[in-house]
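Open the model in your viewer and show it as a cartoon.

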Amino acid sequence: MIPRVKLKTFLAAGSSLFAILIAFGAVRSSAQLPTGAITPAQVQRIVAGIQILRELKFKSKVPISYLTPDQTAVRIRAEIAREKLKGSLALESKAGAMLGLYPPNLDLAEVGIGMLKREIAGFYDPRKKDLVVVESPLAKGASITRVQKLETVNVIAHELTHGLQDQNFNIGTSLEQAKNDDDRSVALSAVVEGDATLAGFAFIAGRMDDEVLNVFVKHIPDMEKEFAEKTRDVPLGVREPFIFQYMYGARFVAEAYHRNGWSGVDALYAHPPQTTQQIMNPWMYFDRPAPRPEVHVAGYEAVLKGWKQAEVSTFGELLLRVVIQSTLGKDSAYVALANAWAGDSAVILVKGESVTILWMVAFTNDESAASFADAYGNALDKINGAHTAHRIERNGREVFVIAGDGAILSREFLPAVWKQSTVADAPLAR
């Protein structure tokens, strides 16, 4: 896994949390790797072999170090402190809770660190340019199994692939540039993790061809189910985006490889997907590419002139789906409404300790917008009740969600919002 910090530095889930989770972690099927599962000579064979398999060359040596889970947590916390993420994570947690994305009073940093400490097997850090393998001492009397040795090889091959990506495509810079946009950031991270997951699998298989690719694709649901089971105690708003980058990313990259081999995968870095919608629907990238629908929320500024804009981001189809799952049920029929996503923008405003979030979502049709507004509006009433001001309005195929103290003045700025906001650079329906 590649760390992207703004907890976006590592890759993860709320703007900043997405970064942490995506930056720090190669997911495996068991706890941390056992100490001594691989020798330095074996590591060097992987270094040589992954370059041949992935058809890329290292331009410089990648240092490899071995840390315990506790040492890894210390490094992650240090990165959070270096990037000054505590404040933004607290803000995203509060705003996310208002929308039902997270439970109230969630400490995003500690949840992310806890999940990574428990599940992370290794990571490549594009800032320090090193590979870290996370190891735990064997229990007394235990011996290293063949499966554990294979898992260690897989993790190192996976993380070395991140090194190849960084040295050949400057992926660290690309992730940094995308970190303030949830949708674009997760889409790019899905390419990064999907590529490394496929390469690690192929390295274990000893080759890469259509037969190996087919086995890999068939194995993805099993990996997804296993990881979901291991993280069932983690809130959906954190867990689902983390799983997404590996599982949907693997499917997307597999499609690129199926069409044009590793050169097809390499091309993804020159022209990366712009939305999680494209990752979930590869044909929207490969067969019918179109510019990402851009939503711009405006018109509230005069009324909320005492509020400061803290963040602006696009949630995308993925987070729209997760919001619906978190508020209306993971298996709710309303989850399908996310398929009608046609752009969105979320604006977080602050005034002292108060937070207001403005979220405009565009759908492909009026019916989907109406269904979402009705169902989600009822869910927000239950989530926020009378203790948090909130409002949801619809204008044709656009839905505008307001939560926080700024919603108290919503009647004063709603007409201007509908007049001045744009979807895909075109005026909203009047």
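Two strands count as paired if DSSP finds at least two bridges between them. Helices (H or I, at least four residues) and strands (E, at least two) are DSSP runs, numbered from the N terminus. This is a predicted model, in which local features need pLDDT of at least 70 and side-chain atom pairs count only at pLDDT 80 or more, while totals for chains, interfaces and linings use all residues. Residues are numbered from 1 along each chain as its sequence is written, and side-chain values use heavy atoms, without hydrogens or water.

**The sheet.** Start with the open sheet of five strands, ordered S6-S7-S8-S10-S9 with antiparallel pairing. Strand S6 (308-313) and strand S9 (390-395) each have a single partner strand, so one side of each lacks a neighbour in the sheet. From one strand to the next the twist averages 15°; angles run from 0 to 180 degrees between N-to-C directions, with axes as lines fitted to C-alpha atoms, for helices over the stretch in contact.

Select S6 and strand S7 (residues 341-351), which are antiparallel and joined by five bridges. Lys308 has Val350 of S7 as its bridge partner.

Now select S9 and S10, antiparallel and joined by six bridges. Here Glu393 is opposite Phe400 in S10. The hairpin of these strands has two residues between them, and Gly396 takes a positive phi near 65°.

**Helices across the sheet.** Helix H15 (residues 410-420) lies across S8, S9 and S10, running at about 150° to S10.

**Helix H5.** Go next to residues 108-119, the 12 residues of helix H5. At its start, a side-chain oxygen of Asp107 comes to within 3.2 Å of the backbone nitrogen of Ala109. Buried residues (under 20% relative accessible area, 1.4 Å probe, protein chains only) of H5 include Leu108, Val111, Ile113 and Leu116.

**Glu353.** Select Glu353, in the loop between S7 and S8. Is Glu353 buried or exposed? Glu353 has a relative accessible area of 72% and is exposed, the term for over 50%. From Ile113, Glu353 is 240 residues away in sequence and 25 Å in space, C-alpha to C-alpha.

**Confidence.** Finally, colour by pLDDT, the predictor's confidence in each residue, from 0 to 100. The protein has a mean of 87, with 90% of its residues at 70 or more. Over residues 2-30 pLDDT stays under 50. Where pLDDT is low, the predicted coordinates should not be read in detail.

Technical notes. Contact means heavy atoms within 4.5 Å. The expected span of a helix is 1.5 Å times one less than its number of residues. A polar contact is a pair of N or O atoms within 3.5 Å; within protein, one must be able to donate a hydrogen and the other to accept it, and residues adjacent in sequence count only if both atoms are side-chain atoms.
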